[in-house]
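Morning, everyone. Please bring up the model on your screens, and I'll walk you through a few spots.

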Amino acid sequence: MATDWNALAAPGVRKLTAYDPGHDPGTLKRQLGLTELTELGSNENSFGPSPAVFRALQAPLGELYRYPDAGARGLKSALARRYGLEDRQFVIGNGSHELLVLLAETLVAPGEEVVFPQYGFAVFKIAATQCGGTPVEVPATADRGADPDAMIAAFGPRTRLVYLANPNNPTGTHWDAATLQRVLAALPPQAIFVLDEAYAEYADPAVVADGLALLPSHPRLVVTRTFSKAYGLAGLRLGYAVADPGLCQLLERTRLSFNGNLLALAAGEAALGDQAWVAQVRDQTRASRDYLLLGLQALKLDARASQGNFVLVDFHRPAAPIEAALMARAVLVRPMGAYGLPTCSRITAGTLREIDALLDALAAVLDGQ
Ligand SMILES: *Cc1c(COP(=O)(O)O)cnc(C)c1O
């Protein structure tokens with residue numbers, strides 16, 4: 001008899017589906033026989049990392065047979081200096097995805113509730129389910145943003161963890177500081193608030209809350225950030241959590257040893273040291289994002305302003321045929337069916353050249369359908 005593997009999984013895992021990473025560009029190129037692909041499906045940074053990163057990778061390349069520094073001391077000190085915090089307020093992750101899951105594994109017991117908004121980042125539900133927690137998905141506002149009042153109403157004695165991405169992927173929506181503070185003030189005493197700031201470097205600080213500024217007054221707030229987006233190091237897998245030293249100690253108990261690899265730690269420290277590069281990436285990305293938004297609106301499409309390095313467009317009809325036609329023209333965007341948004345696609349604000357390729361292809365596709 002065939003083994004029923006699902007029955008052998010832990011209860012939380014039985015209900016789980018694996019994270020959907022979108023299309024794999026390498027496979028697609030081979031399937032479609034393409035030499036070039038405009039990859040705007042994964043919110044990567046088309047401008048790449050600082051040149052300082054490549055110089056910093058030379059020395060550790062000669063040390064690959066050694067384990068990395070398990071305490072990631074160099075990177076933690078650099079982060080602490082940059083943000084005016086203490087080294088012991090940082091935990092390093094193999095991407096921030098790992099830290100989002102680690103927080104649930106470390107804090108949530110079976111049956112406890114994990115609150116997150118509808119259209120929130122897909123990892124939140126996976127993390128909650130995997131550890132046997134009860135996911136509580138809170139309906140969004142009419143513009144698909146996280147609804148602060150509905151979030152507060154969902155808080156209760158069983159709430160252990162709350163997730164919010166700010167700005168949020170895939171909607172591009174955000175909360176300002178006053179909204180975040182209002183919700184934090186309503187947080188039940190046994191709950192911890194995880195603020196996923198993967199896109200913080202792209203956001204306008206005048207309108208988007210800064211989680212790090214709120215840390216001193218909110219000990220049960222955790223901020224996660226990443227080197228995958230504005231720092232251009234998605235391939236190396238490096239992220240960090242910033243929290244109260246007590247919570248960091250809990251996470252140090254549960255994280256895998258050496259989860260920040262030798263190359264990633266060196267690259268992260270070098271990337272952090274070149275803030276002029278990050279500022280340039282931010283400015284170019286914002287220009288591309290505005291150009292993309294205007295281009296989509298010029299095609300009479302429903303696309304809204306975003307605080308990330310991407311724009312969500314709603315075709316108000318199934319997006320799959322449009323996405324397939326774009327793919328046939330070697331342009332890749334992210335399908336949104338898994339988010340319950342089958343009429344939408346998410347498009348990365350890459351270089352102006354990439355946006356031109358997307359807009360040209362999209363105009364031709366819409367013309368032909
Ligand atoms: C891209 C992204 C991350 C970053 O993931 P990494 O594991 O650090 O690459 C985290 N949260 C959101 C909302 C994202 O879009």
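**Sheet, helix pair, one glycine**

Four strands make an open sheet, ordered 9-10-13-12, with antiparallel pairing. Strand 9 (302–303) and strand 12 (334–335) are at the edges. Each has a single partner strand, so one side of each has no neighbour in the sheet. Keep in mind that this is a predicted model.

Strand 12 is joined to strand 13 (residues 344–348) by two bridges, and the two run antiparallel. Take proline 335: its bridge partner in strand 13 is serine 345.

Next, the helices. Helix 15 (residues 320–328) packs with helix 16 (residues 352–368) at an angle of about 125 degrees. Their axes are 10 Å apart. Angles over 145 degrees would count as roughly antiparallel, and 65 to 115 as roughly perpendicular. So helix 15 is oblique to helix 16. The crossing is right-handed.

Which residues in helix 15 meet helix 16? They are Ile322, Ala325 and Leu326. On the helix 16 side, they meet Leu358, Ala361, Leu362, Val365 and Leu366. By class, that contact has eight nonpolar residues, no polar and no charged ones.

Last stop, glycine 172. Find glycine 172 in the loop between strand 5 (159–165) and helix 10 (177–185). Is glycine 172 buried or exposed? Its relative accessible area is 2%, so glycine 172 is buried. Leaving out residues up to four places away in sequence, glycine 172 touches Ala305, Ser306, Gln307 and Phe310. Leucine 262 is 90 residues from glycine 172 in sequence, and 33 Å away in space, C-alpha to C-alpha.

That's the tour.

Technical notes:
Residues numbered from 1 in each chain as written. Predicted model: local features only at pLDDT ≥ 70, side-chain atom pairs only at ≥ 80, totals over all residues. Heavy atoms only, no water. Axes fitted to C-alpha atoms, helices over the stretch in contact; angles between N-to-C directions. Parallel < 35°, antiparallel > 145°, perpendicular 65-115°, else oblique. Left-handed = near helix turned anticlockwise from the far one by under 90°. Contact = heavy atoms within 4.5 Å. Nonpolar A, V, L, I, M, F, W, Y, C, P; charged D, E, K, R; others polar. Buried < 20%, exposed > 50% of the residue type's maximum accessible area, 1.4 Å probe, protein only. Pairing = 2+ DSSP bridges.
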